[in-house]
Amino acid sequence: MEPLNALVAFANFVLVPGAAYGAQLALGALGVTLIYGILRFSNFAHGDTMAFGTMAVILTTWGLQSAGIGFGPLPTALLALPVGIAACAVLVLVTDRAVYRFYRAKKAAPVIFVIASLGVMFVYNGLVRFIIGVDDQSFADGERFLISARDFKEMTGLEEGLAIKTTQGITVVVAVIVVVVLFWFLNRTRTGKSMRAYSDNEDLALLSGINPERVVVYTWLIVAALATIAGTLYGLDKSFKPFTYFQLLLPIFAAAIVGGLGSPLGAIAGGFVIAFAEVTITYPLKKVLGYLMPEALEPDGLVQLLSTDYKFAVSFVILIIVLLFRPTGLFAGKSV
């Protein structure tokens, strides 16, 4: 039974949280890679775009709760998602008209767009903090666990328990649905094919009669939806704090670059690579090794490669390695 206990302990603290975190990073990285692939610049405001969309979801959730409207065992935030997506879509479209459209008309270099996005990032960051504050906000209601550690122990008779939070299950299910819908849209619809053609060859797409402004609008709408969903799922699973979403920019960009910037499939793979690397390297393996090793050889220390304080350093190191040795990423996206 000891190997089974070791597996359950590892699943409880690494596999399940890593899968949920990977799904959240994958959705965030999809937004980054779409902007890079279609609009051709790295959007450093993406983390704060997620924060704004999530803030709109939280405020709507509070309004629904005050009106006595809930979603049964599921978080009320799922009902508020469409409002958050709409608010985020308005924000990014207004930003595009006020900022990025001018530089597109001037055919500015990509670095100009990057610098502009940095300014937009600071504006979004200040706006979110001004509206909702800087403190942690927990907005997950409904059932807390799909299965609790106690129930798992009673069912299996194992010493270790496996707990799966409702938000973790929702994250994986919603992420799968969103990815399926997105790939169907990009590969099966006329608008999606136009976006892919514009990404592959802008001049040829224009000669084919594709409206570039329509492509831009649809790109921002999709990015707003992905950012709001990713931010909301992350906030439900952990908690919402504006500065945390600013920090998420590093692992999200790392995921997009590891998978291959401009490659949606790469963004998904990169999200899970970064997530499992962060969770595994910062998890103390003492309990798992205690089950697997003889009593005389059981470790005294935590057997933790890095403290959780250095979680984002893992993303940074992986990012540097990929940029040095394979700048096109795992799925041969556009070179960084």
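Predicted model: local features only at pLDDT ≥ 70, side-chain atom pairs only at ≥ 80, totals over all residues.

Reader: How are helices H2 and H9 oriented relative to each other?

Author: Two packed helices are described by the angle between their axes and the distance between the axes. For H2 (residues 46-66) and H9 (residues 212-237), the axes lie 7 Å apart and the angle is about 70 degrees. Angles of 65 to 115 degrees count as roughly perpendicular. The orientation of H2 to H9 is therefore roughly perpendicular.

Reader: Which residues of H9 meet H2, and how many charged residues does the contact have?

Author: On the H2 side, the contact is formed by His46, Thr49, Met50, Gly53, Thr54 and Val57. Their partners in H9 are Val223, Ala227, Thr228, Ala230, Gly231 and Thr232.

Reader: Is Arg40, which has a positive phi, buried, partly exposed or exposed?

Author: Most residues other than glycine have a negative phi. Arg40, although not a glycine, has a positive phi of about 65 degrees, and its place is the loop between H1 (2-39) and H2. Because its relative accessibility is 28%, Arg40 counts as partly exposed.

Reader: Is Lys107 buried or exposed?

Author: Lys107 is not a glycine, yet has a positive phi of about 50 degrees. This lysine lies in the loop between H3 (77-105) and H4 (110-132). The cut-off for an exposed residue is over 50% relative accessible area. At 70% relative accessibility, Lys107 therefore counts as exposed.

Reader: Which element gives the most to the lining of the largest pocket?

Author: The largest pocket holds about 430 Å³ of space. Its lining has 17 residues, with Phe13, Pro17, Gln168, Lys238 and Val279 lying nearest the centre. At least two lining residues come from each of H1 and H12 (264-281). With four residues, the element that gives the most to this lining is H1.

Reader: Which helix gives the most to the lining of the largest cavity?

Author: The structure holds one cavity of 30 Å³ or more, and the volume of the largest cavity is about 40 Å³. Its lining consists of Asn43, Ala45, Thr49, Val92, Thr95, Tyr100, Val120, Tyr124 and Trp220. The elements that give two or more residues to this lining are H3 and H4. The helix that gives the most, with three residues, is H3.

Reader: How many nonpolar residues does the lining of the largest cavity have?

Author: In the lining of the largest cavity, no residue is charged and three are polar. The number of nonpolar residues in this lining is six.

Reader: What separates the C-alpha atoms of Arg129 and Thr228?

Author: Leaving aside residues up to four places away in sequence, Arg129 touches Val134, Pro242 and Phe243. Arg129 and Thr228 are 99 residues apart along the chain, and the separation of their C-alpha atoms is 17 Å.

Key:
Residues numbered from 1 in each chain as written. Heavy atoms only, no water. Axes fitted to C-alpha atoms, helices over the stretch in contact; angles between N-to-C directions. Parallel < 35°, antiparallel > 145°, perpendicular 65-115°, else oblique. Contact = heavy atoms within 4.5 Å. Buried < 20%, exposed > 50% of the residue type's maximum accessible area, 1.4 Å probe, protein only. 1 Å grid on protein atoms, 1.4 Å probe; cavity = no way out; pocket = protein on both sides within 12 Å on 5 of 7 lines; lining within 4 Å. Points joined across faces, edges and corners; volume = space filled by probe spheres on them. Nonpolar A, V, L, I, M, F, W, Y, C, P; charged D, E, K, R; others polar.
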